[in-house]
Amino acid sequence: MHDVDLLPLNEQLDYGYPEAGPFHVASPELHPLYHYKTYVGGILLLTKQHYEMCNGMSNRFWGWGREDDEFYRRIKGAGLQVRRPTGITTGYETFQHLHDPAWRKRDQKRIAAQKQEQFKVDREGGLNNVRYRIESRTALSVAGAPCTVLNILLDCDTNETPWCTFG
């Protein structure tokens, strides 16, 4: 999982297959903004099996923020250990973070009880009950490798998350 607003600047970063467990490339020691030990956002490599063991990510998050913190709890709950880079000497200059709250005000917007709900652990939602439909598929090639881009429409349960219709 890779945030589109976090650009790696150090070629020594390891994007290899995380067979030994989730690998947090954008660790708190390297991320220019988030420095708390339970942070797993930005760039997190994990296998499909690891993701399934965590039941994916919560379906209660719409918009920006806190979904990574909730996912950390799922990783720990699944008994997985997060590994992080070693030997990277560029510190907080390892990435360029393009996220600007002043420019993307909608990312900071919270509706109704959304702010309180974002701090709760979601023990029910995830891969087991996500509802979506594929709107379109586009085949393309990236550096000679075949890729498929899916345009996904998530179903919104306004009883569970009334804020999902805003934004």
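1. Let's start with the side chains of glutamate 70 and arginine 74, which meet in a salt bridge at 2.7 Å, N to O. A salt bridge here is a side-chain nitrogen of Lys or Arg within 4 Å of a carboxyl oxygen of Asp or Glu. Both residues sit in helix H2 (residues 67-77), four residues apart, which means about one helical turn separates them. In general, an α-helix has 3.6 residues a turn, so residues three or four places apart point the same way. Glutamate 70 is buried at 1% relative accessibility, and arginine 74 is buried at 10%. Buried stands for under 20% relative accessible area, exposed for over 50%, and partly exposed for what lies in between (1.4 Å probe, protein chains only). The structure holds six salt bridges.

2. A word on what you are looking at: this is a predicted model, in which local features need pLDDT of at least 70 and side-chain atom pairs count only at pLDDT 80 or more, while totals for chains, interfaces and linings use all residues. Residues are numbered from 1 along each chain as its sequence is written, and side-chain values use heavy atoms, with hydrogens and water left out.

3. Stay with helix H2 for a moment. Its buried residues are Asp68, Asp69, Glu70, Phe71, Tyr72, Arg74 and Ile75. What do they pack against? The buried residues of H2 pack against strand S3 (44-45) and H1, where contact means heavy atoms within 4.5 Å. Helices (H or I, at least four residues) and strands (E, at least two) are DSSP runs, numbered from the N terminus. After H2 comes glycine 79, with a positive phi near 80°.

4. A search of the whole structure finds three aromatic pairs. Rings of Phe, Tyr and Trp (its six-membered ring) pair if their centres lie within 6.5 Å; planes under 30 degrees apart count as stacked, over 60 as edge-to-face and the rest as tilted. Tyrosine 51 and phenylalanine 71 form a tilted pair, 5.9 Å centre to centre with 45° between the planes. This pair links distant parts of the chain, since tyrosine 51 lies in helix H1 (residues 48-53) and phenylalanine 71 in helix H2, 20 residues apart. Tyrosine 51 is partly exposed at 25% relative accessibility, whereas phenylalanine 71 is buried with a relative accessible area of 1%.

5. Which residues make up the aromatic cluster? Tyr34, Tyr36 and Tyr39 form one. Within this group, tyrosine 36 and tyrosine 39 pair edge-to-face, at 5.6 Å centre to centre and 70° between the planes. Tyrosine 36 is partly exposed, with a relative accessible area of 31%, while tyrosine 39 is buried at 3%.

6. Tyr39 also turns up among the residues touched by histidine 24. Histidine 24 lies in strand S2 (residues 23-24) and is buried at 0% relative accessibility. The side chain of histidine 24 reaches the backbone oxygen of glycine 41 at 2.6 Å. That is a polar contact (a pair of N or O atoms within 3.5 Å; within protein, one must be able to donate a hydrogen and the other to accept it, and residues adjacent in sequence count only if both atoms are side-chain atoms). Not counting residues up to four places away in sequence, histidine 24 touches Tyr39, Val40, Gly41, Ile43, Leu44, Val82, Arg83, Arg84 and Pro85.

7. Now for arginine 133, which has two salt-bridge partners worth a look. Glutamate 135 bridges to arginine 133 with the closest N and O atoms 3.1 Å apart, and the side chain of aspartate 155 meets arginine 133 at 3.6 Å, N to O. The second pair links distant parts of the chain: aspartate 155 is in the segment after strand S6 (145-154) and arginine 133 in strand S5 (residues 132-142), 22 residues apart. Shared partners join Arg131, Arg133, Glu135 and Asp155 into one network of salt bridges. Glutamate 135 is partly exposed at 45% relative accessibility, as is arginine 133 at 43% and aspartate 155 at 32%.

8. S5 and S6 are the elements giving two or more residues to the patch, and S6 gives the largest share, three residues. Isoleucine 134, found in strand S5, is partly exposed at 34% relative accessibility.
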